[in-house]
Amino acid sequence: MRKSGRHYLQIPGPSPVPERIMRAIDMPVMDHRGPDFGELGLRVLEGLKRIFKTTGPVIVYPSSGTGAWEAALVNALSPGDTALMVETGHFARIWRKLAGRLGINGELLETDWRRGAPAAAIADRLKADKDHKIKAVCIVHNETSTGCTTQVVDVRKAIDECGHPALLLVDTISGLASADLQFDNWGIDVAIAGSQKGLMLPPGLSFNAVSEKAMQAAKHTTTAHAYWNWQDMLDANKNGYFPYTPATNLLYGLDVAINMLEEETLEQVFTRHKRHSAAARLAVTHWGMETQCQVDEEHSPVLTAVRLPESHDADQLRKVILERFDLSLGNGLSDLQGRVFRIGHLGDFNDLTLAATLSGIEMGLATTNIPFNPGGVQTALDFMQRSPAAN
Ligand SMILES: *Cc1c(COP(=O)(O)O)cnc(C)c1O
């Protein structure tokens with residue numbers, strides 16, 4: 001049945017694609033080996049460096065974010081290598097599974113899924129690794145299953161203070177362009193990202209930003225890989241071209257997405273995300289519910305994962321909200337299935353988008369027997385009105 005009005009896709013990625021980007025994508029496909037393509041290629045490759053805050057290369061794959069995970073692992077590590085993988089949630093867990101399939105020994109550092117990766121515990125583990133068996137520390141910048149961020153700077157500090165040579169691999173698939181990421185300043189070796197979250201594009205592009213140290217490591221790895229080879233990409237990228245057919249139309253969209261982020265300025269984009277996250281949390285607290293994240297400084301600017309009181313089913317609530325108000329919320333993943341629902345407040349988003357999203361949730365709660373304190377929406381509205389956006 002036709003539904004009137006706009007669908008609210010408030011899952012933490014894919015995020016809604018702004019019309020300006022849709023229009024850019026809706027253009028004739030061009031010859032990716034022709035004379036005009038190189039200019040576009042060079043422009044987006046340079047633009048991406050500014051988004052990652054790096055002077056080094058950013059590699060673009062036509063794949064989902066998982067492809068860029070695989071690319072990072074096969075280029076930087078060899079079978080038999082140990083990688084310390086911090087299990088901050090569902091995405092950290094499946095990253096380890098992937099590493100296992102590639103013959104990499106993912107050593108797990110567990111958490112309670114209610115905070116970012118703990119730098120102190122990482123330091124303890126690295127100190128014990130006297131003969132440097134651990135070749136990489138793998139963390140998730142913004143854990144999309146829990147709504148917790150990791151303080152990447154602290155993890156880098158922990159590695160350096162131990163004098164440990166491990167590479168630092170960071171999944172920022174849902175962090176990039178919503179939460180600050182400073183690839184060079186923070187000493188990241190490989191950052192993994194995707195198109196469909198903060199970059200406001202449809203799914204289909206993924207990225208590896210690569211440090212000089214990771215490029216050096218890649219010269220000696222023995223993992224079989226062909227399609228994902230960094231060096232093939234870099235050789236062709238020099239002139240703005242790709243070794244195989246790129247996702248041409250998504251690159252048109254990426255070009256515009258970079259412009260949009262820079263028109264608003266990245267700093268303002270990050271401030272905006274934090275402000276909407278704070279407003280969403282006020283509503284959740286007013287409802288009498290807990291956020292999954294329990295550390296004040298680690299609340300995600302991208303999404304808020306809300307825990308329902310014991311014995312209530314978050315998927316049932318999401319179903320009611322989708323059917324009645326045409327609003328999609330994120331589900332609880334793996335261990336959190338049915339326990340939490342996730343509010344995406346990322347990408348092309350403003351005060352009224354948050355107002356609508358929270359209203360849909362509050363009306364949804366009112367139609368169920370979940371105990372809650374009405375008025376959370378008003379609390380968020382009051383906050384947004386009191387503290388206007390900077391632009
Ligand atoms: C979305 C997401 C992924 C998975 O990306 P795909 O594009 O679905 O392959 C991995 N890690 C994090 C943190 C994510 O948010």
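**Figure 1. The second largest cavity of the predicted model.** Val60, Tyr61, Pro62, Leu205, Phe242, Pro246, Ala247 and Leu251 line the second largest cavity of this predicted model. The lining of this cavity comprises 8 nonpolar residues, with no polar and no charged residues. The space within the second largest cavity amounts to about 30 Å³. A search of the whole structure finds 2 cavities of 30 Å³ or more; the other is shown in Figure 2.

**Figure 2. The largest cavity and its lining.** About 40 Å³ of space lies in the largest cavity. Its lining consists of Thr146, Gly147, Arg281, Thr291, Gln292, Cys293, His299, Ser300, Leu303, Thr304 and Ala305. By class, 3 of these lining residues are nonpolar, 7 are polar and 1 is charged. Strand E12 makes the greatest contribution to the lining of the largest cavity, with 3 residues.

Figure 3. Strand E12 (residues 303–307) is joined to E14 by 5 bridges, the two running antiparallel. Valine 306 stands opposite phenylalanine 341 in E14.

**Figure 4. The open sheet of 7 strands.** In this sheet the strand order is E2-E10-E9-E8-E5-E3-E4, and the pairing is mixed. Strand E2 (58–61) and strand E4 (105–110) stand at the edges; each has a single partner strand, so one side of each is left without a neighbour in the sheet. On average, neighbouring strands of the sheet are turned by 20 degrees against each other, direction ignored. Strand E9 (residues 190–194) pairs with strand E10 (residues 206–210) in the antiparallel sense over 5 bridges. Alanine 193 stands opposite phenylalanine 207 in E10.

Figure 5. Helix H5 (residues 119–128) lies across E3, E4 and E5.

Figure 6. The protein is divided into domain 1 (8–15 + 265–386) and domain 2 (19–262). Their contact takes 33 residues from domain 1 and 32 residues from domain 2. The C-alpha centres of domain 1 and domain 2 lie 27 Å apart.

**Figure 7. The largest pocket, lined from both domains.** The largest pocket holds about 360 Å³ of space. Of the 21 residues that line this pocket, Thr149, Ala179, Lys274, Glu297 and Pro301 are the closest to its centre. Domain 1 and domain 2 each provide at least three residues of the lining. Helix H6 (152–161) and helix H10 (266–287) each supply at least two lining residues, and the largest share, 4 residues, comes from H10. Classified by type, the lining of the largest pocket has 6 nonpolar, 8 polar and 7 charged residues.

Conventions: Residues are numbered from 1 along each chain as its sequence is written. This is a predicted model: local features need pLDDT of at least 70, side-chain atom pairs count only at pLDDT 80 or more; totals for chains, interfaces and linings use all residues. Side-chain values use heavy atoms; hydrogens and water are left out. On a 1 Å grid over the protein atoms alone, a cavity is a set of points where a 1.4 Å probe fits but cannot get out, and a pocket is an open set with protein on both sides within 12 Å along at least five of seven lines; lining residues have an atom within 4 Å of a point. Grid points are joined across faces, edges and corners, and a volume is the space filled by probe spheres set on the points. Ala, Val, Leu, Ile, Met, Phe, Trp, Tyr, Cys and Pro count as nonpolar, Asp, Glu, Lys and Arg as charged, and the others, Gly among them, as polar. Domain bounds come from an automatic or database domain assignment. Two strands pair if DSSP finds at least two bridges between them. Axes are lines fitted to C-alpha atoms, for helices over the stretch in contact, and angles run from 0 to 180 degrees between N-to-C directions. Contact means heavy atoms within 4.5 Å.
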